[in-house]
There are 2 protein chains.
Amino acid sequence: MLKRINVSKKLAKDEYKKTIDALGVRLGEAQRACRDEKVPVIVLFEGWSAAGKGSRIGSLIRSLDPRGFEVFTIQTPSEEERLHPYMWRFWRRTPADGRVHVFDRSWYRILMRGREEEETPLSDPVRDVLSFERMLTDTGVVIVKFFLHVSRKEQKKRLEALEANPDTAWRVTKADWKQNRDYDEYLTHFERILEETDHDQAKWTVVEADDGRFADVKVCLTVVEALEEAAEKARAKRGQDAGAVGEAPERPLAEAPERPPAVAPEPLPAEVRTSVLASVVSWQAMDRTEYRDRLKDAQKSLDILHSAMYLQRAPAAAVFEGWDAAGKGGAIKRLVAPLDPRGYKVAPSSAPNDIERAHHYLWRYWNEAPKAGHLTVFDRSWYGRVMVERIEGFCTRAEWKRAFREINDFEEQLVDSGVVLLKFWLHIDPDEQLRRFEGRVNNPVKQWKITDEDWRNREKWEQYLEAVDEMLFRTSTTYAPWTIVEADNKLFARVKVVETVRRQLENRLK
Amino acid sequence: MLKRINVSKKLAKDEYKKTIDALGVRLGEAQRACRDEKVPVIVLFEGWSAAGKGSRIGSLIRSLDPRGFEVFTIQTPSEEERLHPYMWRFWRRTPADGRVHVFDRSWYRILMRGREEEETPLSDPVRDVLSFERMLTDTGVVIVKFFLHVSRKEQKKRLEALEANPDTAWRVTKADWKQNRDYDEYLTHFERILEETDHDQAKWTVVEADDGRFADVKVCLTVVEALEEAAEKARAKRGQDAGAVGEAPERPLAEAPERPPAVAPEPLPAEVRTSVLASVVSWQAMDRTEYRDRLKDAQKSLDILHSAMYLQRAPAAAVFEGWDAAGKGGAIKRLVAPLDPRGYKVAPSSAPNDIERAHHYLWRYWNEAPKAGHLTVFDRSWYGRVMVERIEGFCTRAEWKRAFREINDFEEQLVDSGVVLLKFWLHIDPDEQLRRFEGRVNNPVKQWKITDEDWRNREKWEQYLEAVDEMLFRTSTTYAPWTIVEADNKLFARVKVVETVRRQLENRLK
């Protein structure tokens with residue numbers, strides 16, 4: 001979830017001012033709505049040392065009603081805290097109905113710091129943290145979790161600046177420098193924690209924090225949207241309860257305060273909404289000669305590796321997702337061309353049939369799980385749940401939201417059982433897509449490839465972009481990362497796919 | 001969950017016949033209702049070797065429509081299964097909407113057998129099993145899980161009988177005899193698995209299986225009730241969806257088939273509904289002299305142990321629950337009498353105040369979590385959630401159902417952090433309670449102790465009995481077992497409490 005993030009996003013001063021002011025108004029309103037609906041809220045900040053947690057919290061609370069929130073800084077446990085069970089100090093600080101509690105570091109301390117100095121460690125901290133959050137969200141507490149992400153370079157600059165100033169030098173510890181020195185190790189460590197604790201009811205937002213203004217806007221927007229959604233849900237639930245037969249509403253609906261008209265949301269810079277794709281350049285050069293040579297070379301190795309897979313009984317799965325006309329078919333063709341057909345199969349994901357519809361959406365993919373020594377190529381896959389099903393409303397909001405976790409669990413089980421799992425997102429520019437669509441329309445041989453549905457999907461490009469970005473972010477895990485394939489140039493894309501498969505199989509088969 | 005169960009419950013032949021026939025009719029109906037409502041159902045059987053899984057399944061399916069169910073026997077994985085990820089064979093066998101799949105052993109195999117022979121083990125089988133069940137129940141699959149429990153003696157008898165018969169001798173393996181030889185070890189092993197995997201959406205039912213007839217009735221009743229509840233819920237949900245604004249119902253309500261009148265449930269033998277309390281004899285003899293001597297002796301040790309606790313910084317908590325007038329107050333008085341008041345506190349659980357009501361129900365108890373070196377005595381406790389709140393409707397059905405898991409998680413965290421946790425259920429007979437109530441009414445000094453509420457609770461004895469029994473069953477864990485105190489004789493009860501605390505502290509403090 002961290003490795004693909006471009007942390008250096010920026011926001012100009014005037015754009016910042018305009019945006020943050022508008023968000024501030026919405027935030028104040030959303031806070032009042034949550035207070036009226038008695039929704040308790042937790043906002044917590046974790047992240048790298050010197051990532052700017054304090055400043056972000058400062059900006060966030062500027063727009064909050066001071067009577068309704070409190071900020072807690074979690075440091076080394078006090079004497080009193082050490083004498084109690086680990087979660088005691090966090091349980092005590094859970095918010096009452098309608099209040100906002102902001103945590104500068106939190107119960108993740110025990111995970112992030114690797115237990116260093118805690119006197120009352122937990123035997124299974126991940127389980128205990130999840131259980132804690134689950135108990136709270138089950139009763140309606142909103143939990144917004146931020147991880148502030150800065151580059152190694154930026155962190156170093158900040159630590160040096162802090163040290164250079166006699167007033168702040170004391171804030172820099174050995175541990176901070178260690179983090180900077182072993183940045184990559186810590187990155188993997190944090191990545192693992194985030195993926196283990198990212199849940200639909202308490203999901204992580206990674207904030208690109210090299211630029212404070214950008215980070216402020218992203219933090220503020222995320223909190224605003226979470227609060228607005230929670231208040232709306234509480235309001236709807238109250239309405240429903242009031243309407244339910246035989247149950248008296250706690251507060252008659254007629255008395256519910258009129259909702260003030262929402263401030264028209266200021267259009268936001270697109271970059272705030274995407275974390276992964278914003279920085280992908282979809283065109284990469286490659287000429288025919290280079291293409292032919294590299295493809296041939298990679299395919300030759302693949303043939304040999306495929307035999308080795310069979311002999312070593314290693315299963316593999318390659319998942320292809322991408323925009324319509326991004327070239328999935330062509331890439332798959334080049335991938336399987338050198339392989340013995342008895343050792344692989346291509347599983348296309350068309351609309352589910354009646355039997356599939358009568359089962360869990362993962363059922364058909366479990367059926368297709370690769371067998372030891374074999375490769376299954378998925379032409380589209382279980383990711384339909386969080387793309388087409390999400391956008392077309394084929395599943396409920398709750399269903400696609402929990403699907404990220406389900407998919408990660410599914411993939412972790414595959415990988416645990418020895419499957420080499422490769423996931424490709426073929427990325428093209430909307431203009432390139434248009435050129436390809438028009439090319440298909442005008443080419444009698446390819447006309448069958450273009451349908452009305454393709455044109456309809458194209459109109460929803462922005463919606464898909466947001467969905468795809470969240471998918472790439474939430475399902476890029478340490479055990480099954482995505483490979484983003486720059487696919488405006490088909491030659492480059494095919495070579496990247498085939499070479500990636502080769503490299504991963506080589507790693508696995510030694 | 002297993003250790004308190006009296007496995008030798010019996011049912012006479014004529015009572016069995018009458019009951020099972022009535023249940024059979026209800027089962028057939030419930031199955032049809034689930035088919036109509038498209039509810040998929042999984043019923044799985046685990047348990048000791050020779051516990052009678054096959055026979056129970058045989059009885060169960062007699063009343064099911066053969067077109068709607070299938071039985072799967074899970075044995076050593078086949079060659080094909082071994083070539084796939086572990087959960088593959090179970091995912092493939094998940095039921096389609098409206099169908100019933102019965103498993104003779106299941107995905108618990110990997111846990112129950114300790115991975116012996118599996119070729120594709122999971123890195124964290126408990127997590128993977130829970131994730132699997134959760135994904136299914138999230139989409140509406142009903143999962144009924146049975147553990148068939150027999151005594152060591154009965155198991156031995158059955159294994160010998162199987163071996164004596166040439167036709168069945170092959171069925172007895174070395175592993176079966178090993179189980180019988182190391183019965184206690186396996187008991188703890190199974191107990192741990194059950195407590196780790198008991199969830200509100202997929203809870204375990206332990207079946208006392210020494211007597212086949214009794215077991216048949218309990219299995220059948222449990223399945224019937226689960227199916228009836230699921231069909232009812234699906235029906236209600238469909239009604240709600242149909243009523244929701246802006247959404248077209250999948251099938252118009254008017255067309256929904258009239259529900260056939262339910263067969264009037266045959267009154268069931270009370271023993272089928274209770275697992276733990278049924279065999280408790282609430283009167284235990286003890287005369288004054290013995291009382292005085294033993295109490296004095298135990299109290300003297302307690303005083304010393306309390307100092308040791310303080311020096312070793314060991315925290316402790318003693319929870320007192322029991323029927324009204326069972327003598328909680330008197331027992332607590334004797335327990336704390338010898339202790340230094342600076343080292344303990346008694347936390348009574350009256351009705352929650354406004355601040356407590358605005359938090360999670362466990363919040364106030366987390367606040368009271370004992371400090372290192374100190375003892376907290378809870379006079380009533382978080383168990384109110386699954387007793388008074390459940391029965392008086394102060395919380396929803398979903399809330400008290402998930403509370404068992406929440407309470408177990410809470411207690412496991414306390415114990416993990418070093419708390420010595422002791423839980424007492426003070427058990428009296430309804431007649432004894434009546435005597436005590438009347439005694440209070442007629443004694444001017446004690447009149448304050450009896451309220452109208454006590455009389456109202458008394459009228460709900462049967463409801464409380466079922467709730468208490470489920471509580472004792474689901475929250476008796478390896479880390480925090482209940483002590484049931486036979487309390488018709490106050491002298492005996494007090495001595496048992498004080499001596500139990502002494503013994504547990506001695507064990508802990510060495």
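Modeller: E208(B) and K218(B) form a salt bridge, and their closest N and O atoms are 3.1 Å apart. The term salt bridge stands for a side-chain nitrogen of Lys or Arg within 4 Å of a carboxyl oxygen of Asp or Glu.

Colleague: Before we go on, what should I know about the model and its numbering?
Modeller: This is a predicted model, where local features need pLDDT of at least 70 and side-chain atom pairs count only at pLDDT 80 or more, while totals for chains, interfaces and linings use all residues. Residues are numbered from 1 along each chain as its sequence is written, chains are lettered from A and ligands numbered from 1 in the order in which they are written, and side-chain values use heavy atoms, with hydrogens and water left out.

Colleague: Back to that pair: where do E208(B) and K218(B) lie?
Modeller: E208(B) is in strand β5 (residues 204-208) of chain B and K218(B) is in helix α10 (residues 212-243) of chain B, so their pairing ties together parts 10 residues apart in sequence. Helices (H or I, at least four residues) and strands (E, at least two) are DSSP runs, numbered from the N terminus.

Colleague: And is E208(B) buried or exposed?
Modeller: E208(B) counts as buried, because its relative accessibility is 0%. K218(B), at 5%, counts as buried too. Buried means under 20% relative accessible area, exposed means over 50%, and partly exposed is in between (1.4 Å probe, protein chains only).

Colleague: Which residues do salt bridges with shared partners join into one network?
Modeller: That network holds R127(A), D128(A), R192(B), E195(B), E196(B), E412(B) and D416(B).

Colleague: New topic, the interface. How many residues of chain A are in contact with chain B?
Modeller: 46 residues of chain A are in contact (heavy atoms within 4.5 Å) with 46 residues of chain B. The two chains bury about 4400 Å² between them, 53% of it on carbon and sulfur atoms. Buried area is the accessible area (1.4 Å probe) that two parts lose on being put together, summed over both.

Colleague: How many salt bridges cross between chain A and chain B?
Modeller: The rule finds 10 across that interface. Among them is R127(B) with E412(A), whose closest N and O atoms are 3.6 Å apart. In chain A, the elements giving two or more residues to the side that touches chain B are α3 (79-82), α4 (88-92), α6 (125-138), α14 (363-367) and α16 (397-416). α16(A) gives the most to that side, with 8 residues.

Colleague: Let's finish with V150(A). Where is it found?
Modeller: V150(A) is in the loop between β4 (142-149) and α7 (152-164) of chain A. V150(A) is buried, with a relative accessible area of 0%. Not counting residues up to four places away in sequence, V150(A) touches V7(A), W48(A), A51(A), Q155(A), R158(A), Y183(A), A209(A) and D210(A).

Colleague: How far apart are V150(A) and K174(A)?
Modeller: V150(A) and K174(A) are 24 residues apart in sequence and 18 Å apart in space, C-alpha to C-alpha.
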